[in-house]
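Morning, everyone. I have one model to walk through today.

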Amino acid sequence: MTTLDINGREHTLDVATGTPLLWALRDTLGLTGTKFGCGAALCGACTVHLDGQAVRSCITPISAAAGKKITTIEAATDGGDRIGTAVRDAWVKHDVAQCGYCQSGQIMSATAFLKSLPKGKQPTPDEIDAAMAGNLCRCGTYARIRAAIADAARTIA
């Protein structure tokens, strides 16, 4: 049995400690906003926050997440997280999503990036690109992603 703090609630799971966090979230807890993309931490679709840091849940065993605060897309964009909400709203404003599959991972990475910046810091396009480099978008909406992140940064400044 492993107890995880997910979105501010404790969950005790009866799954093997080597189970990837992604599958515990999706299959055991029904939190399906986090997506499976590649299973090798190469695409970013499965990104969640572990103690505020963006991590790839497809390769993170639940044993590594025990005792840490896990945040999924469901909590990051539900209105209770000022930065997550600003990113979500900018995503809509800039019409970022096309197929939408990568979007939860993109939003989670963008939110962690903006939270890592000093208060009021406006990231450059190169800083945004570097922060988002591990997230792939098969539809190629990178210019809109960059614009949405810059817009969210201005909103939270």
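Start with strand β1. It pairs with strand β5, residues 69-71, in the parallel sense, over two bridges. Look for Asp5, which stands opposite Lys69 in β5. Keep in mind throughout that this is a predicted model.

Now the other partner of β1. Strand β1 covers residues 2-6 and strand β2 covers residues 9-13. These two run antiparallel, and five bridges join them. Asp5 turns up again here, opposite Glu10 in β2. So much for the strands; now the turn. The hairpin of β1 and β2 has two residues between the strands. Asn7 takes a positive phi there, near 55°.

In what order do the five strands sit? The order is β2-β1-β5-β3-β4, the sheet is open, and the pairing is mixed. The edges are β2 and β4, residues 53-56. Each has a single partner strand, so one side of each is left without a neighbour in the sheet. On average, neighbouring strands of this sheet are turned by 40° against each other, direction ignored. As a reminder, strands of a sheet pair through backbone hydrogen bonds, either parallel or antiparallel.

What packs on the sheet? Helix α5 does, touching β3, β4 and β5. The direction of α5 makes about 35° with that of β3.

Next, the loop between α1, residues 21-28, and β3, residues 47-50. Gly44 is found in that loop. Is Gly44 buried or exposed? Its relative accessible area is 2%, and buried means under 20%, so Gly44 is buried. And what does Gly44 touch, leaving out residues up to four places away in sequence? The answer is Arg56, Gly105, Gly134 and Asn135. One distance as well: the C-alpha atoms of Gly44 and Ala112 are separated by 13 Å, and these residues lie 68 apart along the chain.

Last stop, helix α7, residues 142-156. This helix has 15 residues. From first C-alpha to last, α7 reaches 21 Å, close to the 21 Å expected at 1.5 Å a residue. Which residues of α7 are buried? They are Ile145, Ala148, Ile149, Ala150, Asp151, Ala152, Ala153 and Ile156. Note Asp151 in that list. For reading such a list, an α-helix has 3.6 residues a turn, so residues three or four places apart point the same way. And the cover over the buried residues of α7? That includes α4 (82-93), α5 (103-116) and α6 (125-132).

That's the tour. Over to you.

Technical notes. Residues are numbered from 1 along each chain as its sequence is written. This is a predicted model: local features need pLDDT of at least 70, side-chain atom pairs count only at pLDDT 80 or more; totals for chains, interfaces and linings use all residues. Side-chain values use heavy atoms; hydrogens and water are left out. Two strands pair if DSSP finds at least two bridges between them. Helices (H or I, at least four residues) and strands (E, at least two) are DSSP runs, numbered from the N terminus. The expected span of a helix is 1.5 Å times one less than its number of residues. Buried means under 20% relative accessible area, exposed over 50%, partly exposed in between (1.4 Å probe, protein chains only). Contact means heavy atoms within 4.5 Å. Axes are lines fitted to C-alpha atoms, for helices over the stretch in contact, and angles run from 0 to 180 degrees between N-to-C directions.
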